[in-house]
Amino acid sequence: MHKIQSFPEYQVPGAQHQDFSPYESNGGSIVAIAGEDYVVIAADTRLSSGYTIHTRKQNKLFQLSEKTVLGSTGCWCDTLALTSLVNARMQMYEHLHLKTMSTEAVAQMLSILMYNRRFFPYYVSNVLAGLDSEGKGVVYSYDPIGHCERTTYRAGGSAGTLLQPVLDNQIGGKDKDVKNKPKVPLEKAKEVAKDAFISAAERDIYTGDSVILKVITKDGITEEEVQLRKD
Amino acid sequence: MSSIGTGYDLSASQFSPDGRVYQIEYAGKAVEMSGTVIGMRGKDGIVLAVEKIVTSQLYEDDAATRIFTVDKNIGIAIAGLLADGRYIVDIARQEAANFRQQFERTIPLKQLTERVSAYVHAYTLYSAVRPFGVSVILASWDEEQGPQLYKIEPSGTSFGYFACASGKAEQQAKTEMEKLKFAEMSVEDLVQNAGKIIYQVHDELRNKDFHFEMSLISKETKGLHRLNPQPWYDQAVQAGLAAKNEDDSDNEI
Amino acid sequence: MYSHNNIFQTELWKGGPSPGQFYNFPGTNYNNSNTGGFTAPDIFGSKRSSSPITTGTSVIGVKFDGGVMIAADNLVSYGSLARYQDVQRVFKINEKTIIGAGGDFADFQSLKRSIDQKMVEDMCYQDDIDMKPKSLYNWLTRILYNRRSRINPLWLEMVVGGMQDGEPFLGHVDLRGRAYEDDVVATGFGKHFALPLVREQISNGEVLTLNQASQVLRKCMEVLYYRDCRAISKYSVAVSTAQGTIVQGPFEVNQNWALATMIKGY
């Protein structure tokens, strides 16, 4: 660097041959809806890049504990690296403190882990769903560099922008001019999540094949799968 | 024993006036205390066998093994100090891995022997170190070279053999082996003779219990060095037990 | 342990990275800090392997009733030149694991040297425990992700198969470390041509027999030979079942040039 500076007219940034991109968008969407004593999180199972579908049965929901599930989409290799790192760190926490990480702690840790790669980010869209220490449903959503926000519902991933307004309307009650937001029953949350994916599969080519839906309550986690368009 | 050495045996870097390096000879004594180890080279296979003396009933059967795999088709049997032996095996594995990395093929046993014996020899030259108290028997088999057998002694000298032995009953085992025609021996004959020799040379009066250990490299093991492979292991043990019973009944008469 | 690069530590975690850091692998700088080493160019910039040189084309893997099969043709190209026409691109790793490689063949050969050394070390334990396909698959994802994170990728697309605790395993890994498992996977051109042919056969959830699997692979190799200009008619197949693993071939694809009436010599 210093040598170059002594020859100003030759000062060039160096050979910038860069046809390799470390990033790739592999698609996939996540929807999470929290209630008083439950949280629903769903993600589709299509893994693709461009017009190519790699597999139609890639689970994108990572169960981190009895109370916490992480949905992660975007650059699949980053998702794999990030989730295995989260798992490793959670195991270390368990060994050190002899207890499982709370959802709040996982949420904070995830933010830090992602910000650690501020200048070479994990290119992922994360939605973390879980029960908090009071047993209430909670959703955290992230941007690729670790900004973290606690909410009650969120759509993320390739159809995130498509679905968020739907949730605003159906779950958030943004259409109604009310002070007290309506409480969403579990069955409605599940139906909205499923419908959201059916709609997303219509318009987003990166979302489809099937959707896996996990419901977290104090009694544990249940899972169901709904088929989507496969074209 | 008390008069030997007389001051010239404290360092491996010094000769005695009559031209001996006592430290090396003492290392040889360590080998002589060890259970007997033999290697035999047949027509189309090679066998290593060990009389593993059981010093305590509390050990598991496979504890303190004296036969090691160094590369796919290379095995090493150790007589002498086991800890020294394991270190030598580690060196041999490094040499084998290094050769593999450079040439992308298994190291020829001759070259491996040269490397390891140079290493063993280096430990007979300096006052800061002691020689290895081990005798190392190296065996390999492959399609091109057939069976190969080498032995390295604590001095760092090494030779190729048709059959060789180390440990307590080296002489006795060699006497037995000299009766055999190795060049045309099949794998079956080889393992049976290995069983016979180890069971015959075992001295029940001095060491009550021992564990028979053997390994084989041949076409039948797909060219791999296999420790205690079936059915050959059982064949060897049966031949050994039969030979022992025969000996015992001879003694009774 | 026995290698000059320090990836063969047997002690748990010794020499390993702190969580979130990267593992060192041949070709990577030893002292890379977390952010510094990824992109920083040398004084005149740095050129890394940003495009492959000698390449293999498609690899196809299918699961069948009781095992896994991976097929690839025997060509390694040099650009558009069909340079090496008798090269195996599917391999037996051990009795449980098989692998097939497309992409830069030099990168693969270097990687395979490391894998082979791992297998020798497995044998030195003399415990008859072999590395299972999932372990190799996961190891490869970490190696490849590590290299892509240094913008110095191993230009590979690989299919890993084998028997994992009695069940067939089939996975795909690429140069970025993107990895997934499926009943049928393919790389490169095979993704477009071969995957649909196989998926057609298993669309009703039916499991292929060994014979059906080798038939459908043969068909795939034939179609690829017709349409992929970097494919030749000779291919090999690696098979893994509970009985062990074997590489078969080379085979010739069925060819029918009856339509090409003016073309002679095939």
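Trainee: How many cavities of 30 Å³ or more does the structure hold?
Mentor: The structure holds 1 cavity of 30 Å³ or more. A cavity is a set of points on a 1 Å grid over the protein atoms alone where a 1.4 Å probe fits but cannot get out. Grid points are joined across faces, edges and corners, and the volume is the space filled by probe spheres set on the points.

Trainee: Which residues are closest to the centre of the largest cavity?
Mentor: Val70(B), Arg93(B), Ala97(B), Gln117(C) and Val120(C), out of 11 lining residues. Lining residues have an atom within 4 Å of a point.

Trainee: And what volume does the largest cavity have?
Mentor: About 40 Å³. Keep in mind that this is a predicted model: local features need pLDDT of at least 70, side-chain atom pairs count only at pLDDT 80 or more, and totals for chains, interfaces and linings use all residues. Residues are numbered from 1 along each chain as its sequence is written, chains are lettered from A and ligands numbered from 1 in the order in which they are written, and side-chain values use heavy atoms, with hydrogens and water left out.

Trainee: Which elements supply at least two residues each to that lining?
Mentor: E3 and helix H2 (82-103) of chain B, together with H2 of chain C. Helices (H or I, at least four residues) and strands (E, at least two) are DSSP runs, numbered from the N terminus.

Trainee: How do the lining residues divide into nonpolar, polar and charged?
Mentor: 6 are nonpolar, 1 is polar and 4 are charged. Ala, Val, Leu, Ile, Met, Phe, Trp, Tyr, Cys and Pro count as nonpolar, Asp, Glu, Lys and Arg as charged, and the others, Gly among them, as polar.

Trainee: Switching to chain A. Is strand E11 of chain A mostly covered or mostly open?
Mentor: Strand E11 (residues 210-217) is mostly covered, with 8 of its 8 residues buried. Buried means under 20% relative accessible area, exposed over 50%, and partly exposed in between (1.4 Å probe, protein chains only).

Trainee: Which way do the residues of E11(A) point?
Mentor: Ser210(A), Ile212(A), Lys214(A) and Ile216(A) point one way. Val211(A), Leu213(A), Val215(A) and Thr217(A) point the other way. All are buried.

Trainee: What is E11(A) joined to?
Mentor: Strand E2 (residues 38-44) of chain A is joined to E11(A) by 7 bridges, running antiparallel. Strand E12 (residues 220-227) of chain A is joined to E11(A) by 8 bridges, also antiparallel. Two strands pair if DSSP finds at least two bridges between them. A hairpin through 2 residues joins E11(A) to E12(A).

Trainee: Now chain C. What is the strand order in its open sheet?
Mentor: The 5 strands run E11-E2-E3-E12-E13, with antiparallel pairing. Strand E11 (184-186) and E13 are the edge strands, and each pairs on one side only. Neighbouring strands are turned by 15° against each other on average, direction ignored. Axes are lines fitted to C-alpha atoms, for helices over the stretch in contact, and angles run from 0 to 180 degrees between N-to-C directions.

Trainee: What lies across E2 and E11 of chain C?
Mentor: Helix H4 (residues 189-202) of chain C, running at about 170° to E11(C). Contact here means heavy atoms within 4.5 Å. Strand E2 (residues 59-64) and E11(C) pair over 3 bridges in the antiparallel sense. Ile60(C) stands opposite Ala186(C).

Trainee: Where are the cis peptide bonds you flagged on your list?
Mentor: One runs from Gln230(B) to Pro231(B), with omega near 0°. Pro231(B) is in the loop between strand E10 (226-227) and helix H6 (232-252) of chain B. Another runs from Gly249(C) to Pro250(C), also with omega near 0°. Pro250(C) is in strand E13 (residues 244-252) of chain C.

Trainee: Last topic. Where is Val116(B), and what does Val116(B) touch?
Mentor: Val116(B) is in helix H3 (residues 109-122) of chain B. Its relative accessible area is 0%, so Val116(B) is buried. Val116(B) touches Ile88(B), Ala92(B) and Ile152(B), not counting residues up to four places away in sequence.

Key:
On a 1 Å grid over the protein atoms alone, a cavity is a set of points where a 1.4 Å probe fits but cannot get out, and a pocket is an open set with protein on both sides within 12 Å along at least five of seven lines; lining residues have an atom within 4 Å of a point.
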